[in-house]
Amino acid sequence: WSMSPKTLLLLSNGYGEDSFASILLEKLVQFTKVYKIPSTFLVIPLIGKGAQFYQCQSQYPDQVSIITPPFSLPNGGVYLGSAWQKSKRFIEDCFRGVIPNSGFILRELKKIKNKIDAVIGIGDFIPPLLNQLFLQKELYMVACAHTWLLKRSNQPLERLGRLTRHLFRYGCRQVYTRDRLTEQWFLQLGITAKYLGFLGPDIKKKEENRRKIVFLPGSRKDWKNNLQFFFVAFKEVNHQYLKDYEIHIVFSPGVDTQEIQFLLASLLKNHHFFISWSQGDYFQHLSQSALVVGFAGTAIEQAAFLGIPSIEPWQENAIQVNRDFIENRQKLLLREALIPGGDTPSQLAQVLKNTLLNLQDYQKAAENFSQKVWEGKSNGGMTIAENIMMLLINQ
């Protein structure tokens, strides 16, 4: 195709959204390279520092730029738990993140408004709202935050709300959903919705000899607590249960590597079994996993997509993985692929033993759930990238 160069802005509204967005960004760059479509991509992570995008930027420095707001939201824009905890965290995020960042983001949007051809939003209503107010460009929306699976009653606007429906319906050229059931729901609400496959890693699960148990301490500031919780639980699991498995911890790319080394040195001192660890290469280990244990959101959903069961413990005071998150989100979103892990190390140890004794049943349940929800459509990233670029070209 001979066409004028395109500049696209990606607005990503959360940590989990950043991991979806970084997969999509990589596929957009690959697609435009293969078809020789001259294009550049600007990324604004609205919540964190955008650590998920660094690799893509260093790989394609001519095509990808990240505009990072000066402050990270202390609680990552996640408000779960009791009413008091939610209010406290919301106020803290507003004063230490949202308010000081807002001026920066609005100035940046003003600066780039005339340079960009279209916007890709990843998350909830915030990207289309920012686009309506400050950019007025054509918007392609990857709806991460709203999925039919999270509904408890069958109210048409449950978990979505009028504002989001309005913005998705009138402010987006195309909305890409995270599963088939959400596509059907959005279409009934008059939203131009499409399910093109799960926006996840292009990896195939190794069917043979998956002997890894991958542990995820999470990407928020309570990762150290989560790691200690895990070690206490492990001490209570008889070596007999674990002898056939390899334990591997994957840390988030945003966590300080020196802090990891320091904490692990003290935790591993009096441990009798070998634990390996790495940082930022979750997908590589996921393909060899028999089971995932973790304090995470999106990463556990990516395991569920591959039909790998996950145990998720919680802690009452956790920023994200607390009772509210497990009951009102994870249990609904991941159904048979999720095994609640309790809120004490002893409960986790018990759940881990029971899971390993019946692992095949749990794996089968997770595989059936994945097939029902995502229909085995794996290369969602490339399919969405292709769809966006074709719509842009054929304007």
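This is a predicted model: local features need pLDDT of at least 70, side-chain atom pairs count only at pLDDT 80 or more; totals for chains, interfaces and linings use all residues.
Local features need pLDDT of at least 70 and side-chain atom pairs count only at pLDDT 80 or more, while totals for chains, interfaces and linings use all residues. Residues are numbered from 1 along each chain as its sequence is written, and side-chain values use heavy atoms, with hydrogens and water left out.

Let's start with the sheet. It is open and parallel, with 7 strands running in the order E3-E2-E1-E4-E5-E6-E7. Strands here are DSSP runs of E with at least two residues, helices are runs of H or I with at least four, and both are numbered from the N terminus. Two strands count as paired if DSSP finds at least two bridges between them. Strands E3 (64–66) and E7 (193–194) sit at the edges with a single partner strand each, so one side of each has no neighbour in the sheet. E3 pairs with strand E2 (residues 39–45) in the parallel sense over 3 bridges, and Leu42 stands opposite Ser65 in E3.

A cavity is a set of points on a 1 Å grid over the protein atoms alone where a 1.4 Å probe fits but cannot get out, and lining residues have an atom within 4 Å of a point. Among the residues lining the largest cavity are Phe20, Cys144, Tyr176 and Ile384.

Conventions. On a 1 Å grid over the protein atoms alone, a cavity is a set of points where a 1.4 Å probe fits but cannot get out, and a pocket is an open set with protein on both sides within 12 Å along at least five of seven lines; lining residues have an atom within 4 Å of a point.
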